[in-house]
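Hello,

Here is the structure I said I would pass on. Please look through it first, then read the notes below.

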Amino acid sequence: MAARPFDRRLTPARPDLAAAHLRGLVEAARFVEGERVTVRAPLADLRPRPDLSASIDTQATFGEAARLYETRDGFAFVQLERDSYVGYLPAAALGPAPGAPTHRVAVPLTFVYPAPDMKRPIVCALPLGARLAAVAEAGAWLRLVEGGFIFAAHAAPVEARAPDFVAVAEAFLDAPYLWGGKSAGGIDCSGLVQVSLDAAGIFAPRDADLQEKALGAPLPEGAPLARGDLIFWRGHVGIMRDGETLLHANGHHMQVASEALEGARARILATAGLEVSSARRLG
């Protein structure tokens, strides 16, 4: 039986090991069910191979669920539950969930404190979208099941939805560009789209090519643009703030920048030889 081609980003399969549900679809020496685990680090870099010199494909955030297929030499071979991305995380970043998530971080970055006191040294910083299990509020603070407190106004119920995903993205203006990044500490173009839409309760795949296939409907060439439209190039995506202004994490500015769409189009054509491949409007 010939192996079916697959996208390695979304398929938990290697020649020596694959997920049990892929039996008969891919060739592998061994098939395993895996176990459900949760990201316990604020952010965990996911790489295409178990090597710290490998580029970062994406980042998993605190409270994110994953299916663990193998742990070896300090790395865990996983598939993230939220967007199905496959790769290698530090094994130390994973653990059992302390409880079902009740809240999510609703600001670009918030701190966890050891006590409900902003003067105490912080325990860690959590990014937008981190899922939290909280047991009680202590005045202006939210107490986490595993210990620690965050400012309650920085969290929202896990089922809450931001009314305007563009406003979420705008809060990342000037955040540094990081290939594979998904936080205010470093973010890339498709990461900005994904985390902003997630805050609004809209699923988005991780990478720009996948987003162009999955999100919204294409607009006719020359159609007027509006706030929230997505503009795609090969390997790049940006968000329209209005009919003329593009917000995007990009390697030219090395940060999340706001600029005239026409200026960005001209520069990308001149430097990379790429035209806009599509403009898409979410339903």
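A residue is called buried when its relative accessible area is under 20%, exposed when it is over 50%, and partly exposed in between, using a 1.4 Å probe and protein chains only. By that definition, buried residues make up 50% of the 283 residues in the protein chain.

Two notes on the source. This is a predicted model, in which local features need pLDDT of at least 70 and side-chain atom pairs count only at pLDDT 80 or more, while totals for chains, interfaces and linings use all residues. Residues are numbered from 1 along each chain as its sequence is written, and side-chain values use heavy atoms, with hydrogens and water left out.

The protein chain has four helices and 25 strands; these are DSSP runs, numbered from the N terminus, with helices being H or I of at least four residues and strands being E of at least two. Along its principal axes, the C-alpha trace spans about 60 × 50 × 35 Å.

Contact means heavy atoms within 4.5 Å. Of the contacts in the protein chain with a separation of 6 or more, 53% are between residues 24 or more positions apart.

Ser84 is not a glycine, yet has a positive phi of about 70°. Ser84 lies in the loop between β7 (75–80) and β8 (86–90), and counts as partly exposed because its relative accessibility is 31%. Asp174, also not a glycine, has a positive phi near 80°, and sits in the loop between α1 (165–170) and β18 (182–183).

Regards
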